[in-house]
Amino acid sequence: MPKILVIEDEEDILNLIKIILEIQGYEVLTACDGFEALERMKENPDLIILDIMMPEIDGWEVLDKIRKNENWKPIPVIVFTANTHIENLKKVHEKRVNDIIVKPFEKKELLEKIEKILNTVV
Ligand SMILES: [Mg+2]
């Protein structure tokens, strides 16, 4: 099964997503900040779910580091944000994000977006 890295600073949301994905049979890696996220990248996830609003290193910065790394840049990223502002949506396109999920998220939407991306990538 594909390996999914979930990067989210809110522990409750992180655990919830982990459980949802594990029930579907995905292997789940978790990171609660940008530093941990970059460590977990070494375990070669197949897809990344990335929260934008995080202290210290935010999601955009994590994304820049991923996209600048030769091994990591082809990995699909779904951005997770509570912010629906147009600037954020523009950034999503500029920064080659595969999809966006606006919080509060729905389980169905999350799983459908993941499946859609993994099917097209594989
Ligand atoms: Mg957050």
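This is a predicted model: local features need pLDDT of at least 70, side-chain atom pairs count only at pLDDT 80 or more; totals for chains, interfaces and linings use all residues.

Residues are numbered from 1 along each chain as its sequence is written, and side-chain values use heavy atoms, with hydrogens and water left out.

**Entry 1: the metal site.** I started with the magnesium ion. Its protein donors are Asp9 (OD), Asp51 (OD) and Met53 (O), lying 2.1 Å from the ion. Donors here are N, O and S atoms within 2.8 Å of the metal (3.2 Å for Na, K and Ca); water is not among the atoms, so the site may look incomplete. I noted the donor spacing in sequence as D-x41-D-x1-M.

Are Asp51 and Met53 buried or exposed? Asp51 is buried at a relative accessible area of 1%, whereas Met53 is exposed at 57%.

**Entry 2: around Asp51.** I placed Asp51 in strand S3 (residues 47-51). Strands are DSSP runs of E with at least two residues, helices are runs of H or I with at least four, and both are numbered from the N terminus. The Asp51 side chain makes a polar contact with the side chain of Lys103 at 3.2 Å. For that term I use a pair of N or O atoms within 3.5 Å; within protein, one must be able to donate a hydrogen and the other to accept it, and residues adjacent in sequence count only if both atoms are side-chain atoms. Not counting residues up to four places away in sequence, Asp51 touches Ile7, Glu8, Asp9, Gly59, Phe80 and Lys103; contact means heavy atoms within 4.5 Å.

**Entry 3: Lys103 and its partners.** A salt bridge needs a side-chain nitrogen of Lys or Arg within 4 Å of a carboxyl oxygen of Asp or Glu. By this rule I get 12 salt bridges. One of them joins the side chains of Glu8 and Lys103 (3.1 Å, N to O). Glu8 lies in the loop between S1 and helix H1 (11-23) and Lys103 in the loop between S5 and H5, so the pair ties together parts that are 95 residues apart in sequence. Both Glu8 and Lys103 are buried.

I also checked Lys73, which pairs with Glu70 through a salt bridge (3.1 Å, N to O).

**Entry 4: Lys3.** I found Lys3 in strand S1 (residues 3-7). Lys3 is buried yet has no salt bridge, and the nearest side chain of opposite charge, Glu27, is 4.3 Å away. (Lys and Arg count as positive, Asp and Glu as negative; His and the chain ends are not counted.) What does the side chain of Lys3 reach at 2.7 Å? That is the backbone oxygen of Glu43.

**Entry 5: positive phi.** Asn44 has a positive phi of about 55° although it is not a glycine, and Glu56 has one of about 65°. Asn44 counts as exposed at 53% relative accessibility, and Glu56 counts as exposed at 70%.

Definitions and conventions. Buried means under 20% relative accessible area, exposed over 50%, partly exposed in between (1.4 Å probe, protein chains only). Lys and Arg count as positive and Asp and Glu as negative; His and the chain ends are not counted.
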